[in-house]
Every structure is written in structure tokens, then in C-alpha cells.
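Hi everyone, thanks for making time.

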Amino acid sequence: ARYSNTFGWKRYNTLAEIETWLDGILEKYSNVTEEFVVGTSYEGRTIRGIKISYKEGNPGVIIESNIHANEWITSATATWFINELLSSENQVVRELAENHDWYIVPVLNVDGFVYSHEKNRMWRKTRQPSNFSSCIGVDPNRNYDSHWMQNDGASDDPCSQVYGGPHAYSEPEIKAMSEFIFSIKDKVNVLLAFHSYGQVLLSPYGHTAEEFPENYEDLMQVAKAYADAVGTLSYGSVFQYGSVASVLYQATGATNDWAYEQGILISYTIEFRDSGNFGFVLPPAFILPNCEETLTGIIALLGECQKLGYLDAK
Ligand code: 0X9
Ligand code: ZN
């Protein structure tokens, strides 16, 4: 394949490399893939996604990846996952691929991702300047209109790493992604937001640890299926799970809380490797193990969703 020489998931790829690879994938698998454009970033880049559908009318699964610029393992894993869905000959993976409609955005925060590669490896936020500060960027995972800025779930200081922005949807990337999700939500049953690090599956809610979603027990059962499946792999990571606010910290305006409120009832933030040793700067040797265990986890997660009736037509 034309991408395999430079794209072996043995190192992290730049946005340009990912886009060239994506072009090759869309060409090679044109019968089952379709490009979609989420929108345009602050700096004018096109935010691209790929839909994979073997038969229309399957339950939809959205994967949002690299909303945080420095979490490079997320786009490495999303691209590897796309490749597996399209090329694996394993029967279980074939069923995974062919019985769901996939909407995958490998790099949502394109401007931040480029900045993280070229200027500052630890860059997290978007790149839109503020009107009242010299600090740049908003935490895009605090910018959706879900309990925006409530309960100390974000900061109003433009210099903070968790700055929520001057208003919800101030970031063009988030306005566009929310509109994209809204436009397909009636055929989407599951949303997975890829993050790192911490090895934890986070369900709603992020704005309070006092309240839990109506289907919280199911959300925990599905998360347990993921954690158990990954845990049985010889090289598998130990995953925890719980609601954001109960196991992590209060965080408002995040993708998966907003998506849940839009009726996507299986909606998680998944924090990949590691548990803190390397953190965001995960060495390339861990890319493939992380990819493999994520695939195993997602197979188990969707299997559990199926059992509980979450993949039935909406
Ligand atoms: O703080 C975040 O945005 C996420 N952690 S990270 O280290 N990747 O930055 C967790 C967000 C989960 N929050 C909600 N779903 N509310
Ligand atoms: Zn993150």
C-alpha cells in the first residue's frame, strides 16, 4: 500500500503525513469510505473526517480524537483503528467494521496539533487569540455548550490550560464539531472521545459528582467490559472507570457530556496510556500496544452495548 512505508505506527506522524495517508485510504477503499469535512479551524485548516460504512443503516459510532493538541497517541490510535477496520481479516474485526457506521475525526484540533509538532510539544489548547489577554487559545474540551463554565468546571482566565473561552462555541473547531454531531445524532448510538493520559473511561457527568445519568449503571457495565477485556491481554493496561466528576475533577463543556445531552446515551471520554510515567509524551514504542488494546476494548464495549440494547435503531 502506498502509505505503509511512512505510516507504520512506529513513530508519531505530523498533520501533513496523516492527511496524505488519509487521502491514500480514501482512494484505496473508496467503495466503503467517504470523506466528510467538519469545518475550518481558526488558522484556516480543513478539519477532515472519514465515514466508514459497509451497509447504510448500521448503528453509528463517532470517534473524536486529538481535541487536545498534545495527546498525539490519540490520532496515532485513531488512524491505526481506521486501517484495521478497512484491512483486518480477523472475523471479529470484520464484524466490528461492517456492523457499525463509523464517523472518525483523527485530528480535531488541527491548529494546536501543528503547533505542538512545530513549536511546543506540550501545547493543549486551540490557537485563537484572546481579545483581552496576550495568552492564546481555549481548552476546546471546555468549550461545548454543556454546563459551560459552571461549578468551577473550567477557568475564565485566558492563560489557564482549562480556559473555557469567552463564550460556548467561541472556538470554530468546536462550533463545527458540535454542528456535525448534531446533524447525524439521530443515527448515532455511541460517542468515544479519545484522550490521554490516565487509563480511565469517563462517563457523564463532568459538571457535578452529586448527580449521575439515568443509565449510569449501564454506562459502568459497558465501561467494565472495556476494562476487563483490556486487562486480560498480556500487555494490557489497567483501566479504571467512573463519571468524570466522581473519579477525576469537575470539567464542564466537554464533548462527551454535550453529546450525552443530545441523546447519544453511550458517551465516554477514554484516557489512553499511560498512568503518568511518561504522560502526554508517550514513547513511540507504546503506540502499537495502545492501538491493539484499544481495539480489544472497543470490541468488548460495543458487544456490551449490543447486549443492553443500545445499538438498536433509534
Ligand atoms: O480534562 C480533560 O479535558 C480530560 N482530561 S485530559 O487530561 N485529556 O485533558 C478529561 C475530560 C473529561 N471531562 C468530561 N467529560 N466532562
Ligand atoms: Zn485530553
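Predicted model: local features only at pLDDT ≥ 70, side-chain atom pairs only at ≥ 80, totals over all residues.

Residues are numbered from 1 along each chain as its sequence is written, and chains are lettered from A and ligands numbered from 1 in the order in which they are written.

Okay, the overall picture. An unreviewed UniProt entry annotates residues 11-305 as "domain: Peptidase M14"; UniProt positions are in the numbering used here, feature names are shortened, and annotations may be inferred rather than shown by experiment. That stretch is 36% helix and 17% strand, with its end C-alpha atoms 33 Å apart. Helices (H or I, at least four residues) and strands (E, at least two) are DSSP runs, numbered from the N terminus.

Now, where does UniProt put the "active site" feature? The unreviewed entry has it at Glu271, which sits in strand S8, residues 266-272. Is glutamate 271 buried or exposed? It's buried, because 22 other C-beta atoms lie within 10 Å; the cut-offs are 20 or more for buried, 12 or fewer for exposed, and partly exposed in between, with C-beta atoms placed from the backbone. Leaving out residues up to four places away in sequence, glutamate 271 touches His195, Ser196, Tyr197, Gly198, Gln199, Val200 and Leu202.

On to ligand 1. It has 13 residues around it, and the closest are Asn141, His195, Gly206, Ala251 and Ala254; to be near, a residue needs its C-beta atom, placed from the backbone, within 6 Å of the molecule. Helix H8 (255-261) and S8 are the elements that give two or more residues to this shell.

Let's look at strand S5, residues 188-196, which holds leucine 191. Leucine 191 counts as buried because it has 25 C-beta neighbours inside 10 Å. Setting aside residues up to four places away in sequence, leucine 191 touches Ile62, Asn256, Ala259, Ile264 and Ser267. From leucine 191 to leucine 86 it's 105 residues in sequence and 20 Å in space, C-alpha to C-alpha.

That's the tour, so over to you for questions.

Terms used:
Contact = placed C-beta atoms within 7 Å.
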